[in-house]
Amino acid sequence: MPKRLTVVLILLGLVILYLLLVESRLTTTDERIKNKNTALQFPENSLQEISFSGITLEKYGDLFRLKKPFSHPASNKACMRLFTQFEKVIRVNVFPNWRENDRTLADFGLDSPAWTVTLKSKNQANVIKIGKKVEGQEEYYAQLDAEPSVFTVKESLVNELSKNPAAYADTEPFDFLKEQPSEVKWFMPGRGTFLRHMHGLYVVGDHQGRIWQALKKRSEAFITLLTRLDLSELHLTPISDEESGVASPWCYVYARGPNQKSKSLLIGSEHNGKRWAKLEKDGMGFELDSNLLEVFNLDFEQLAAGNLLEGEIMTLEKAVFHFSSSDTSLVLKGRKNEWTMEHPYAWLFSSRRILNLVLRFAVREVLSFENRTLSNPFLTVTFHYEDDPDKSEKVELFTDKNQPDLCFAQRNGSSTAGAMKAVSEDEFPEDPFYFMMEKPFSAVMDKTTRIEIQKQEKSSILQQNERGVWNFEKNELPVNTEPAQFIEALKNSTCRTAMSRKEGVDFGFTDPSYVVKFYDDEGKSFFMVRVGSYSTSKETYLEGDDAVFMFMRDFPQME
């Protein structure tokens with residue numbers, strides 16, 4: 001009995017297994033295809049050409065072009081959408097037994113399909129026929145190559161095929177410059193100009209080899225006008241290069257953007273107040289109006305910045321001024337309206353005066369350095385910016401003994417110089433102490449709690465008490481004014497000019513009339529001036545700490 005039961009169970013298992021296999025094999029073709037609903041698949045980004053309704057679109061690299069019915073650069077955006085949709089075609093519904101009930105391909109519109117789409121890659125080619133719309137559905141009947149079954153595809157796929165050729169043409173050729181323009185060049189008879197974007201700035205150059213910083217607002221307006229060039233409302237016309245004038249163009253434009261994307265524009269002969277243009281030779285022509293044409297009349301002189309720091313002052317973080325005559329540097333640090341100085345006598349300087357100098361770097365004309373007898377730079381300024389720690393700009397100022405009415409500025413060692421106004425102390429000082437504030441002793445007194453005035457063996461001492469009131473601790477000279485009046489006169493005395501101390505120059509400092517020492521609240525002497533014996537009633541000559549000569553007006557007299 002046990003043996004018979006075992007045999008029965010084995011036979012029963014084999015029968016069940018057989019029935020499962022039969023059921024699997026009996027699954028309808030319709031169901032099997034639904035489980036595998038991808039009708040067509042190309043490897044990603046491998047599709048190279050699509051043809052339909054007399055239109056042929058080709059992909060090369062990351063770009064597309066329209067080959068038929070006319071040759072023209074194609075819109076990356078429109079073509080990318082089409083190519084992506086046809087890389088993978090999905091069967092929505094499948095009709096493997098469509099011949100039942102005497103149906104023919106005509107019932108699906110596939111005997112004379114509305115669209116025949118040819119798809120090609122390097123290793124694959126397929127043809128999809130698309131017929132009538134499914135009644136009451138957002139689907140269309142389709143058939144792939146020579147496959148017998150009929151299936152449906154989404155209406156969104158068909159919508160991409162319902163456009164005219166112009167819909168695939170590149171109608172915004174310079175749209176890629178919106179991301180970040182790299183360079184635009186334009187060439188006209190007798191001159192060539194380029195505009196280059198670097199570190200957030202624009203640089204302009206020309207066919208003479210001149211290179212200079214460009215006006216930021218004007219450069220941005222130029223780029224914006226290019227990016228807004230829209231051919232969608234322009235009639236693309238088949239016209240020869242000779243007839244349109246682009247064979248020898250009036251203007252040739254070349255633009256390059258990020259990732260080396262580039263486009264050209266050839267502008268030819270005038271026609272009815274406009275000019276013919278093409279994006280490439282042997283391509284379709286279109287007419288440009290005068291609004292766009294005017295922008296290409298901009299040349300080097302119109303784009304070159306009139307100020308060395310055009311548009312940059314708001315992001316300036318640090319400026320280092322190195323003066324050759326005294327081999328000293330003055331550092332201006334901060335941003336916008338808050339600036340500090342780095343210098344042993346920083347408290348004597350006016351940051352506003354040095355900032356005003358930067359703003360006055362006014363370029364009158366940009367010239368070549370060739371055939372010039374230039375001095376060594378008398379002032380070198382290095383600029384650093386908060387928005388880019390790795391970015392710095394260097395400007396060197398020179399004079400030319402053969403042209404003393406001009407000062408030349410060289411930026412970043414270029415072979416081009418900006419010619420500025422005549423060199424004078426009021427415009428381009430050769431000494432850091434030019435930037436001394438108008439009333440330097442006002443700043444000195446902010447740090448002072450004690451003053452000693454010495455003349456030979458005699459001295460007078462003024463001391464500030466805890467309430468901020470000044471009194472004489474000793475007055476041997478004597479000082480013939482009240483302490484408060486003396487301090488006020490000291491603060492209000494004005495500096496006509498100042499300069500670094502020079503050996504061999506003496507205004508009576510070897511035998512000074514008297515010496516004034518200033519002490520801080522820790523009792524340390526931090527500044528000293530000698531009053532020159534050559535001083536006059538109108539001007540007092542001071543020598544400060546063996547470092548600076550100061551020419552003061554209204555400096556208080558000791559006697």
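Before you start: residues are numbered from 1 along each chain as its sequence is written. In this predicted model, local features need pLDDT of at least 70 and side-chain atom pairs count only at pLDDT 80 or more, while totals for chains, interfaces and linings use all residues; side-chain values use heavy atoms, with hydrogens and water left out.

**Exercise 1.** Work out which strands stand at the edges of the open nine-stranded sheet.

*Solution.* Start with the order: S5-S4-S3-S2-S8-S9-S10-S11-S7, with antiparallel pairing. (Strands are DSSP runs of E, at least two residues, numbered from the N terminus; two strands pair if DSSP finds at least two bridges between them.) S5 (72-73) and S7 (94-95) are the edge strands, each with a single partner, so one side of each has no neighbour in the sheet. Now zoom in on S5: it pairs with S4 (residues 63-68) over two bridges, and His72 in S5 is the bridge partner of Leu66.

**Exercise 2.** Describe how helices H10 and H11 meet.

*Solution.* First, the axes (lines fitted to C-alpha atoms over the stretch in contact, angles running from 0 to 180 degrees between N-to-C directions): those of H10 (residues 440-447) and H11 (residues 483-492) come within 6 Å and cross at roughly 130 degrees. Next, the contact (heavy atoms within 4.5 Å): H10 brings Phe441, Ser442 and Met445, and H11 brings Ile487, Leu490 and Lys491.

Technical notes: Helices (H or I, at least four residues) and strands (E, at least two) are DSSP runs, numbered from the N terminus.
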